[in-house]
Amino acid sequence: MTQPPFAPNMWQQQQRNRGRSSWQGHRPPRGRHIKPVRNPTDTSSTSQQPQPQTTELNAKTPLSELQHKIKSLGFPQSCNCVLGLLDKHFKATIAGDIATKNSLPNRETLLFLVKTFVLCLPQGKKYRDEASLSPLQELQLLEELRGALGEKESIEHCYCIFDALFGRSGSNVDGDEDEFQSDELLGSGGRHKILYKLLSLSVSLERGTIISCVAVWMKNHPREALHLALALYEDFCVMLPNAGDPLFRLATVSPHIAYQLTQVFTTLYPIYRGRDASLPGIPTTEPHPPIKLVQLISHWVETSPEYLHQQQAIEGLSNLPLMYPQTVQSSIPSSKSPLAGLVQWCVVAPLTSLNNAYHQTDVSDRVPNGSDQSGQGLNPPMDTSFDRLMAGLHVKLLSIVLSHAKALTNWAFTTGDLCIIVSAVVGYGRQVANDQQQQQPGDLPAKMDECVERLAQFLQIAHATGVVTVKAEELSQITSSLPPNRLLNLFIERHKQI
């Protein structure tokens, strides 16, 4: 019996493979669906497929159709689409391209699209109490805003877009109530919450263009600026004291916002606040500036003294084709310039050593968490003595007046500022004298003399450089309520002879 030319098992395997090849590729495996592959060169069936409409969004597109098309993109593509429309609108406006501007949706439509698809604010009067974005969507929104604002070549173009997003001047603009409440900034919703998070992110990443836009916004919204400055200081210097490095470099990254923040902080913490100088709605009652805040501003003054004369640069950015009017009615009193506010700090500071209420305050209220009184926990390490900090700041200001006199002339320090400082010295001295728990009443005359001495030093240098221009008779009348001081009397007498 002859054997087959191959083993039986090989023959069986060959038969099984031949049977499988007869149906493989024609019958799909069970439970799966394989789409037929179409020849890319075959265009006969392409014309039969319905194509999506790609109608351009222009001025003739109805609002309902605009909403439908943008909404169909989904978030964050819808946000990016509206930001692109804003970019085209302001680019055409700044360039004077009327044809392109007229082909885009008008102002009211753009503002509505911003509110609906960028800020995602629910419709209605109580939308600020609602959270319409998830945490992930908020991060996506911040990234879209950072890209749209931070990549602009000119700050003018950037601020025009920024104003369309956050530039609400006053209440009830365009029939929309968006009042800035004392607890709204870090609340559950509202455009100010988004603005603060964008500022915090920009400070951490040191995005100077966006930060400068916030500085102009603070100038046009003084009441809201107080809350914004407080929240920024609390987050970077109190809650996370070791994360304060970006804030210490802020004057170099954006001198504009350092100017505005110094103006705000000297208004919030004037050391002495009279009865008629209260700030309604501001959550602070302690008039003395925290130690970390004094360290911060002293660092700004030392490393970037030019930030003290940024007023004209900020005012120049306000004269742009903005979507919101810039007339602001605020209950906040007119703020002094940063230089005048810092001079008041230095002049009135000697009296704080006699104020029991200030020294009975808990140290944690004046020294940030994570840092001791030796200053080793601060970044950068600095002196934590209030008196020595103010004395050093006083010397720095005198040096700046000498070296930056031309930039500070005629506006940085006015006669009204001098009257306020003199009233603060006299009022604070009376408050300390009337304190029934005064432990060292004999030191009051010496401290008052030190205050007047610092004021006389500043006036002498500021008058010689032209920063302060006041007549001798007016100067003598303003300072008549101060205790006698030899340096001040010599300055007034010499001023009368000129």
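**Figure 1. Tyrosine 272 is partly exposed, with a relative accessible area of 21%, whereas tyrosine 428 is buried at 1%.** Here buried stands for under 20% relative accessible area, exposed for over 50% and partly exposed for what lies in between, with a 1.4 Å probe and protein chains only. The model is predicted, so that local features need pLDDT of at least 70 and side-chain atom pairs count only at pLDDT 80 or more, while totals for chains, interfaces and linings use all residues. Residues are numbered from 1 along each chain as its sequence is written, and side-chain values use heavy atoms, with hydrogens and water left out. A search of the whole structure finds six aromatic pairs, a pair being two rings of Phe, Tyr or Trp (its six-membered ring) with centres within 6.5 Å, called stacked if the planes are under 30 degrees apart, edge-to-face if over 60 and tilted otherwise. The ring centres of tyrosine 272 and tyrosine 428 lie 5.7 Å apart with their planes at 25 degrees, so this pair is stacked. Because tyrosine 272 sits in the loop between α13 (255–268) and α14 (291–303) and tyrosine 428 in helix α20 (residues 415–433), the pair ties together parts that are 156 residues apart in sequence.

**Figure 2. Tryptophan 300 and tyrosine 307 form an edge-to-face pair.** The ring centres are 6.0 Å apart and the planes stand at 80 degrees, which is why the pair is classed as edge-to-face. Tryptophan 300 is buried, with a relative accessible area of 0%, and tyrosine 307 is likewise buried at 0%.

**Figure 3. Helix α7 (residues 155–166) is mostly covered, with ten of its twelve residues buried.** Helices are DSSP runs of H or I with at least four residues, strands are runs of E with at least two, and both are numbered from the N terminus; by this assignment the chain has 23 helices and zero strands. From its first C-alpha to its last, α7 reaches 16 Å, close to the 16 Å expected, where the expected span is 1.5 Å times one less than the number of residues. The buried residues of α7 include His157, Cys158, Asp163 and Leu165, and what covers the buried residues includes α3 (77–95), α5 (107–118), α6 (135–150), α8 (191–205) and α9 (208–220). Tyr159, Phe162 and Phe166, which are also among the buried residues of α7, form one aromatic cluster.

**Figure 4. Arginine 146 forms a salt bridge with glutamate 143.** A salt bridge is taken as a side-chain nitrogen of Lys or Arg within 4 Å of a carboxyl oxygen of Asp or Glu, and by this rule the count comes to nine. The closest N and O atoms of arginine 146 and glutamate 143 are 2.6 Å apart, and the two residues, three apart in helix α6, are separated by about one helical turn. Glutamate 143 counts as partly exposed at 43% relative accessibility. Elsewhere in the chain, Glu138, Lys193 and Lys197 are linked in a network of salt bridges.

**Figure 5. Lysine 396 and glutamate 302 meet in a salt bridge.** The closest N and O atoms of this pair are 3.3 Å apart, and the pair links distant parts of the chain, with lysine 396 in helix α18 (residues 386–403) and glutamate 302 in helix α14, 94 residues apart. Lysine 396 is partly exposed, with a relative accessible area of 26%, whereas glutamate 302 is exposed at 53%.

Technical notes: Contact = heavy atoms within 4.5 Å.
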